Amino acid sequence: MYLSFLKASNFRCFADIELEFNQRYNLVYGENGSGKTSVLEAISYLGRGRSFRTNNVSDVVKWDEEDLLVYGKIISEGTESSLGIINGKSGLESSVNGDHTRGLAGLAHSLPFQIIDPNTHNLIGGGPEARRQYLDWILFHVEPEYIDIWRKYKKTLKQRNILLKSHKRRSEVQNWDHGLAQLGEKISLMRDEIFVLLEPVLMDFANELLDMDINLIINRGWSRDLGFLKSLSGSIDQDIQYKSTQLGPHRADIKVSLKMGAAKKHISRGQQKLLACALINASIELVQSHVDKPILLLLDDPKAELDNNSTKKLIKQVCSLNSQIIATSIDPDESLFGLGTKLFHVEQIIKKSN
Ligand SMILES: Nc1ncnc2c1ncn2[C@@H]1O[C@H](COP(=O)(O)OP(=O)(O)OP(=O)(O)O)[C@@H](O)[C@H]1O
Ligand SMILES: [Mg+2]
């Protein structure tokens with residue numbers, strides 16, 4: 001699978017751009033503020049129905065315009081399919097092969113991608129939500145049941161939290177515990193199972209990039225010594241006090257540590273980026289081996305925060321994944337991925353389209 005064509009209209013600084021991508025390596029280059037990251041953002045919009053930079057569609061729609069449009073063609077085993085998305089004042093609409101889709105899961109299955117950008121170090125240095133989303137992304141692609149269970153869990157959690165907020169009796173809150181616990185245990189079990197497969201791949205990848213021994217533990221969001229149901233009943237006083245459910249897979253985390261302690265406290269920003277890249281690359285490798293579907297990798301300014309040697313190691317690792325890569329850089333650095341890289345000068349593309 002690869003993205004062969006992208007059209008973006010009224011998207012950030014683009015009135016209308018069209019790009020035809022190479023199956024393997026693509027490099028979008030241009031000056032600061034020319035629109036490189038916006039190209040990757042348009043692709044992420046096509047694959048997830050949202051931006052990786054903002055939750056507000058009004059930030060992404062071109063100034064003084066009403067709706068953005070992104071359209072793409074995907075080639076998979078010789079067959080072409082199309083994805084489209086419109087969002088803005090008239091609301092969100094998405095389509096796969098011209099048919100309207102309900103929800104965005106269809107887009108995500110048609111164009112699975114990962115992104116490495118200058119904020120990627122936050123996967124190690126930032127809060128747990130990004131790490132949960134990281135695990136959930138893997139499970140979404142390898143475990144078809146996962147999304148349904150996760151949605152049911154979130155719905156049940158929401159109901160329980162509404163009761164906690166409206167000061168209902170504790171027995172009313174606890175009526176939800178059984179259902180919540182069953183779903184929560186299932187989510188955790190799936191996360192544990194995928195983690196066992198992920199860990200060795202990640203160790204290899206982290207070693208390649210950092211030459212450090214790392215240790216990983218999944219914190220499931222409640223004590224491993226107790227079942228989730230028991231933990232819920234044990235924390236009811238806290239839940240009432242904070243007016244929300246304090247324990248559960250919505251509080252899970254991946255603890256990444258080194259000999260000296262938690263990675264987020266003990267390694268530099270560049271090292272955090274490398275470790276985060278190892279996590280992302282390992283997730284791509286794992287998903288590809290499960291679903292036999294290449295994952296598109298968006299690489300925004302891969303050199304940011306990295307020295308030459310680290311950049312080389314990172315590029316070598318991403319190339320080993322056999323994914324389609326769409327990268328950005330200030331310079332038309334053909335040597336980054338070698339011969340056969342398709343170059344896009346973003347200023348020229350904008351000029352041509354006006
Ligand atoms: N909604 C919008 N409408 C029009 N232009 C916008 C909008 N949002 C951002 N821009 C402009 O789009 C331009 C491109 O931004 P982008 O972040 O894609 O640049 P870039 O090439 O990645 O820059 P850098 O090298 O600094 O990372 C910026 O000049 C920005 O001011
Ligand atoms: Mg940028």
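**Exercise 1. Overall form**

Task: What radius of gyration would a compact globule of 354 residues have, and what does the protein have?

Solution. Step 1: for 354 residues, a compact globule would have a radius of gyration near 20 Å. Step 2: the protein has 22 Å, which agrees with that figure. This is a predicted model, and every value here is computed from it. Step 3: along the principal axes, the C-alpha trace spans about 65 × 50 × 35 Å. Step 4: the protein is built with 14 helices and 14 strands. Step 5: among contacts with a separation of 6 or more, 73% join residues 24 or more positions apart.

**Exercise 2. The nonpolar core**

Task: Which residues have the most contacts inside the largest nonpolar core?

Solution. Step 1: of the 354 residues, 39% count as buried. Step 2: the largest nonpolar core has 91 residues, and Ile43, Leu275 and Ala278 have the most contacts inside it. Step 3: helix α8 (residues 177–210) supplies the largest share of this core, 12 residues. Step 4: take Leu275 as a case. Leaving aside neighbours within four places in sequence, Leu275 touches Ile124, Ala206, Leu210, Ile214, Val256 and Ala263 by the contact criterion. In soluble globular proteins, nonpolar side chains tend to be buried together.

**Exercise 3. A loop residue**

Task: Is Thr54 buried or exposed?

Solution. Step 1: locate the residue. Thr54 sits in the loop that runs between α1 (36–48) and α2 (57–60). Step 2: count its surroundings. There are 11 other C-beta atoms within 10 Å of Thr54. Step 3: apply the cut-off. A residue with 12 or fewer such atoms is exposed, so Thr54 is exposed. Step 4: list its contacts. With neighbours within four places in sequence set aside, Thr54 is in contact with Asp59 and Val60. Step 5: look back along the chain. Glu41 is 13 residues from Thr54 in sequence, and their C-alpha atoms are 9.9 Å apart.

**Exercise 4. The shell around ligand 1**

Task: How many residues surround ligand 1, and which are the closest?

Solution. Step 1: the shell holds 15 residues, of which Cys13, Gly33, Lys36, Thr37 and Ser38 are the closest. Step 2: sort them by type. The shell has 4 nonpolar, 7 polar and 4 charged residues.

**Exercise 5. Strand β13 and its partners**

Task: Which strands pair with β13 in the parallel sense?

Solution. Step 1: strand β3 (residues 25–29) pairs with β13 in the parallel sense over 5 bridges. In this pairing, Tyr29 has Ser329 as its bridge partner. Step 2: strand β12 (residues 296–299) also pairs with β13 in the parallel sense, over 3 bridges. Here Leu299 stands opposite Ala327. In β13 (residues 325–329), 4 of the 5 residues are buried, so the strand is mostly covered.

**Exercise 6. An open sheet**

Solution. Step 1: the order is β9-β10-β11. Step 2: β9 (215–219) and β11 (261–262) are the edge strands, each pairing on one side only. Step 3: β10 (residues 253–258) and β11 pair in the antiparallel sense over 2 bridges. Leu258 has Gly261 in β11 as its bridge partner.

Terms used
Residues numbered from 1 in each chain as written. Chains lettered and ligands numbered in written order. Predicted model: local features only at pLDDT ≥ 70, side-chain atom pairs only at ≥ 80, totals over all residues. Core = buried A, V, L, I, M, F, W, Y, C linked by C-beta atoms within 7 Å. Buried ≥ 20, exposed ≤ 12 C-beta atoms within 10 Å, placed from the backbone. Contact = placed C-beta atoms within 7 Å. Near = placed C-beta within 6 Å. Nonpolar A, V, L, I, M, F, W, Y, C, P; charged D, E, K, R; others polar. Rg over C-alpha atoms; globule rule 2.2 N^0.38 Å. Pairing = 2+ DSSP bridges.
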